Amino acid sequence: MEYVKSLIVTLLILAALLGVWAAGTRDGVADTSVDPELAALLGPSAKGESPVPGPEDVGAAVWGHLKDPFYDKGPNDKGIGTQLFFSLVRVLGGFGLAVIVAVPLGFVIGSSPLMQRSLEPFIQILKPVSPLAWMPLALYVIKDAAQSSIFVIWICSVWPLLINTAFGVASVRPEWLNVARCHEVGWLRRSFTVVLPAAAPTILTGMKISIGIAWLVIVAAEMLVGGTGIGYFVWNEWNNLSLTNVIVAIFAIGVVGMVLDQGLAGLTRLVSYEE
Amino acid sequence: MPPPPYRRSPPMLQAPLAHDPRLPPDPHPASAPPLIEVINLGLTYPARRGQPPFCVFEGLSFTIQKGKFVCLLGHSGCGKTSLLNILAGLQKPTDGAVVLAGKEVTGPSLDRGVIFQHYALMPWRSVLGNITFAVRSRYPQWSKTRGREHALKYIELVGLGEAANKRPSELSGGMKQRVGIARGLAIEPLMLLMDEPLGALDALTRGSLQDELRRIVTETQQTSFMITHDIDEAILLADRIVLMSNGPNAVIAEIVNNPLPATRTREGLHHEAMYYPLRNHLMDFLVARSAHVERTTIHPGKGRVPPIIDVQPDPTPSP
């Protein structure tokens, strides 16, 4: 019942937003004093059309993209699905490499107060740096635009993962570790059967934060490096002055981001436990 | 002048323990070498920030025979938990040693099963999973099925057969501690160590678990050492009660033999003839004497060998 109620309210808010959007972008009266040929050059506002596309334009464009999301007609004309796929590969690649590095390193930091104290200054200084600030350095050193954007994703995913893993490992209840000691459990078995399950919810929360940030950063990174990806798509459509496609891309980015977030939230629920 | 309520028998002249005639002969007479020997154990925290060194306890010496249940009674702060941690191998003493079955204790081992006050169950594992974790540690060579059967046997023993697949969060405090007990027993340790295992439970649950523990330790003849501050719990469960003086510099003041018959039950405890003399003796100690135990000199190598007390019956009131 509660669910139905909230669904009704959601639909009402959606209707209101679409209404405001449609009203705000309604076409005005065409300025007849302007020569039609000049008006064609000046763009939509001279023809009395709203420069911002309305919901019906965007809806039509979404439908068009959904009908053929994966077409490829050369470097500057690829389907939105293709572009999203490129971005996802970069994000998952950079994120995957970050998991491989940060989870074991976080394990070490979390289980050794010495390492925690000695690595703290590095983490504190590097963590607040915008990942895009690394881009010139990455481009110069790696000399490959696609790999540089993966590096940027890697560096922005590493910090939340590192910090959450270290925190999760450091806050494993000492009594569980004592149980492991009393049962003469070796280092490896303890890591996998006691520490990892105990810290798993915290580690997965770190992953959720990381992938959220990575998805934010990839758009900006691809705007910078160009070539492929949803960020490049947005930049390209801006250069084409196709605000409709920009809005479509905004929705697409939002939907994919939500799917990534919900996916990791589902995984977190799988490994979380109630005390 | 009335006779004193108790008599200190000099350790050298101690009479052999009276054996209850209703039971089969004791397979481990007191003359056998003890299973566990605590020799001159001391724990002192070093001086820090201008504070003098802090001595928790010193010169603790006592032994536990195989198959016996020993309770340690004492006030908070006398280092009971530290002593248990040292016996478990989780903490190192600054003085003395613990010898278990002829070998010095240097760290935690599967020889000793530990039951923690706050259960220490892993919440992401089911009841069965928590026990099989222990069983797999003890018997790594066993097959999964064999380990599972072994674990289920102990889950049945503590009466949790129905709940084997539940998570600890779905269990009450009493049921959680049953899991803790099953885990301690499932590794079939030489020695079971319990740190106020029933301390976090309400009175009713506590009572039923006391009965359960009593039944299990008599059935399995499990050598056990338990910390408690509940006098009745000690009287019900223990064959011997170790009394510790107040800290700091705590010592073992005396060791009291439990004169009640092995057939004692929780309901019938207060009908036993020796119940009140024993209870009064223990109570007198905790209320008054624990603060003023005279500290005899520590015998090098032996520590302080505490006197072993046999509580005497109350004099029959004259008509």
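Of the contacts in chain B with a separation of 6 or more, what percentage is accounted for by residues 24 or more positions apart? With that settled, please examine the open sheet of 4 strands in chain B.

Mentor: The model is a predicted one, in which local features need pLDDT of at least 70, side-chain atom pairs count only at pLDDT 80 or more, and totals for chains, interfaces and linings use all residues; side-chain values use heavy atoms, without hydrogens and water. Residues are numbered from 1 along each chain as its sequence is written, while chains are lettered from A and ligands numbered from 1 in the order in which they are written.

To the question itself: residues 24 or more positions apart account for 73% of the contacts in chain B with a separation of 6 or more, a contact being heavy atoms within 4.5 Å. Chain B contains 7 helices and 12 strands; these are DSSP runs numbered from the N terminus, helices being H or I of at least four residues and strands E of at least two. Of its 319 residues, 52% are buried, that is, under 20% relative accessible area, against over 50% for exposed and in between for partly exposed (1.4 Å probe, protein chains only).

The open sheet has the strand order β3-β2-β5-β6 in chain B, with antiparallel pairing. Because β3 (54-64) and β6 (103-104) of chain B stand at the edges with a single partner strand each, one side of each has no neighbour in the sheet. Pairing here requires that DSSP find at least two bridges between two strands.

Within the sheet, β2 (residues 36-45) and β5 (residues 95-100) of chain B are joined in the antiparallel sense over 5 bridges. Opposite B:Ile36 stands B:Leu100 in β5(B), and opposite B:Ile39 stands B:Ala97 in β5(B). B:Leu100 also has a bridge partner in β6(B), namely B:Lys103. The antiparallel pairing of β5(B) with β6(B) comprises 2 bridges. In the hairpin of these two strands, which has 2 residues between them, B:Ala101 adopts a positive phi near 50 degrees.

A helix accompanies the sheet. Helix α1 (residues 80-88) of chain B lies across β2, β3 and β5 of chain B and runs at about 125 degrees to β2(B); axes are lines fitted to C-alpha atoms, for helices over the stretch in contact, and angles run from 0 to 180 degrees between N-to-C directions. B:Ser82 belongs to this helix and is buried, with a relative accessible area of 14%. Residues up to four places away in sequence aside, B:Ser82 touches B:Leu43, B:Tyr45, B:Phe57 and B:Gln91.

Strand β4 (residues 69-73) of chain B runs parallel to β9(B) and is joined to it by 5 bridges; B:Leu72 has B:Ile227 in β9(B) as its bridge partner. Strand β8 (residues 191-195) of chain B is likewise parallel to β9(B), with 4 bridges, and B:Leu193 stands opposite B:Phe225 in β9(B). Since 5 of the 5 residues of β9 (residues 224-228) of chain B are buried, the strand is largely enclosed by the rest of the structure. B:Ser224, B:Met226 and B:Thr228 point one way from β9(B), whereas B:Phe225 and B:Ile227 point the other way.
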